[in-house]
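Look at the fold first, then read on.

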Amino acid sequence: MATPGYGKRSAPGQRPHSGSDFTRLPYREASIAAYIDRMPDGAAVDVKTLARDLPAYGQQAVRTALNALSAAGHLRRIRETVGEGRSQWVSRTYFSRTARSDDWWAAFVAGDVPDDEASPAPPVRPTVTTTVPVQAAAPRPARSEAYEALAALGRTDPRMMLSAADCAALEPFAAEWLARGVRGPQFVYALTAGLPPHVHCAGALARRRLSDKMPPEVVAVAVVVPRILECTRCGVPGRPEALSGGLCRCCRGDAPPPGSDGPSAAEIRARVDRLRTVIRAKGRSRT
């Protein structure tokens with residue numbers, strides 16, 4: 001697992017795994033992308049760690065491959081806050097087996113979860129097989145989590161053994177409890193704690209407790225995680241529009257925009273001469 005910095009995080013809304021995930025990439029980039037895709041969240045994906053785990057590639061090859069994966073939309077370095085009060089900044093590598101556009105990553109950094117841009121998976125060619133019809137046993141109907149929670153009460157306390165009819169009738173009440181975040185031991189304790197020595201009708205008692213002890217609704221609070229995009233190669237932070245393909249202008253090798261080269265040497269010397277003249281004039285005026 002990575003120490004704070006460059007731990008892997010999976011991007012949301014990815015397409016399911018398939019054999020054609022990275023077929024559009026060169027062999028080296030596809031091999032490293034498939035390896036990163038199999039790594040668990042939190043694993044270290046910095047250049048030195050990947051070069052050590054993939055002895056077929058050196059650090060420079062891994063660095064070049066990561067830059068290519070960033071330009072292809074599979075990877076972004078993002079700086080975000082963690083910890084109590086979210087006061088500590090760490091750099092993480094968000095990876096997506098589905099290639100994303102710059103606009104998608106910009107929206108993700110801003111706190112949105114954009115719609116999936118995944119291209120449809122290639123159609124599967126149907127195969128014709130000859131089978132011999134076999135009469136199978138009727139499948140057992142699937143039971144909901146609420147039904148299972150009610151049926152398990154009797155295993156915790158025999159006094160609360162419910163019949164199948166009781167579980168079916170009380171299933172909507174139990175489902176509401178689960179929807180409000182009460183499940184597992186908390187649900188069992190709420191219905192079995194403080195029982196009388198003898199329970200004559202477990203179904204009626206369960207209905208009364210499910211109704212009278214109904215927990216309050218859970219109000220979802222949206223947590224916005226501050227994020228800053230970083231250059232995949234040099235780590236310099238910047239706005240998403242300035243980091244096309246996840247790389248800054250210098251790492252992309254783009255020419256600087258017109259007028260951004262700064263003053264020439266002759267202009268600098270002229271400015272210095274003017275400043276010296278002003279300083280000398282002030283000195284003579286004081287004397």
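Q: What share of the contacts in the chain with a separation of 6 or more comes from residues 24 or more positions apart?
A: This is a predicted model: local features need pLDDT of at least 70, side-chain atom pairs count only at pLDDT 80 or more, and totals for chains, interfaces and linings use all residues. Residues are numbered from 1 along each chain as its sequence is written, and side-chain values use heavy atoms, with hydrogens and water left out. Contact means heavy atoms within 4.5 Å. Among contacts with a separation of 6 or more, the share from residues 24 or more positions apart is 61%.

Q: How many helices and strands does the chain have?
A: Helices (H or I, at least four residues) and strands (E, at least two) are DSSP runs, numbered from the N terminus. On that basis the count is 11 helices and five strands.

Q: What percentage of the 287 residues is buried?
A: Buried means under 20% relative accessible area, exposed over 50%, and partly exposed in between (1.4 Å probe, protein chains only). Of the 287 residues in the chain, the buried part is 34%.

Q: Which residues touch the most other members of the largest nonpolar core?
A: A nonpolar core is a set of buried Ala, Val, Leu, Ile, Met, Phe, Trp, Tyr and Cys residues joined through side-chain atoms within 4.5 Å. The largest one has 22 residues. The members that touch the most others are L150, L153, L162, F187 and L210.

Q: Which helix gives the most to this core?
A: Helix 5 (145–151), helix 7 (164–179), helix 8 (185–192) and helix 9 (202–212) each supply at least two of its residues. With five residues, the top contributor is helix 7.

Q: Which residues does L210 contact, leaving aside its neighbours within four places in sequence?
A: L210 is one of the core members with the most partners in the core. Beyond its sequence neighbours, its contacts are L150, L170, F173, A174, W177, F187 and L191.

Q: At what angle do helix 8 and helix 9 pack?
A: F187, A190, L191 and T192 in helix 8 meet A206, R209 and L210 in helix 9. The axes, lines fitted to C-alpha atoms over the stretch in contact, are 9 Å apart. Angles run from 0 to 180 degrees between N-to-C directions. For this pair the angle is about 115 degrees.

Q: Which residues of helix 3 are buried?
A: Helix 3 (residues 59–71) has 13 residues and reaches 18 Å from its first C-alpha to its last. That is close to the 18 Å expected at 1.5 Å a residue, where the expected span is 1.5 Å times one less than the number of residues. Cover for its buried residues includes helix 1 (27–38), helix 2 (47–53) and strand 2 (75–82). The buried residues are A61, V62, A65, L66, N67, L69 and S70.

Q: Is Y57 buried or exposed?
A: Y57 sits in the loop between helix 2 and helix 3. Leaving aside neighbours within four places in sequence, Y57 contacts Y27, R28, S31, I32, A51 and V62. Its relative accessibility is 16%, so Y57 counts as buried.

Q: Which side chain makes a polar contact with the side chain of T49?
A: T49 lies in helix 2 and is buried, with a relative accessible area of 12%. A polar contact is a pair of N or O atoms within 3.5 Å; within protein, one must be able to donate a hydrogen and the other to accept it, and residues adjacent in sequence count only if both atoms are side-chain atoms. At 2.7 Å, the partner of T49 is D46.

Q: How far is the backbone nitrogen of R15 from a polar atom of the T98 side chain?
A: T98 is in the loop between strand 3 (88–95) and helix 4 (102–109). T98 counts as buried, because its relative accessibility is 3%. The distance from the R15 nitrogen is 2.9 Å.

Q: Which residue is joined to S91 by a side-chain polar contact of 2.7 Å?
A: S91 is in strand 3 and is buried, with a relative accessible area of 15%. The side chain joined to S91 belongs to E230.
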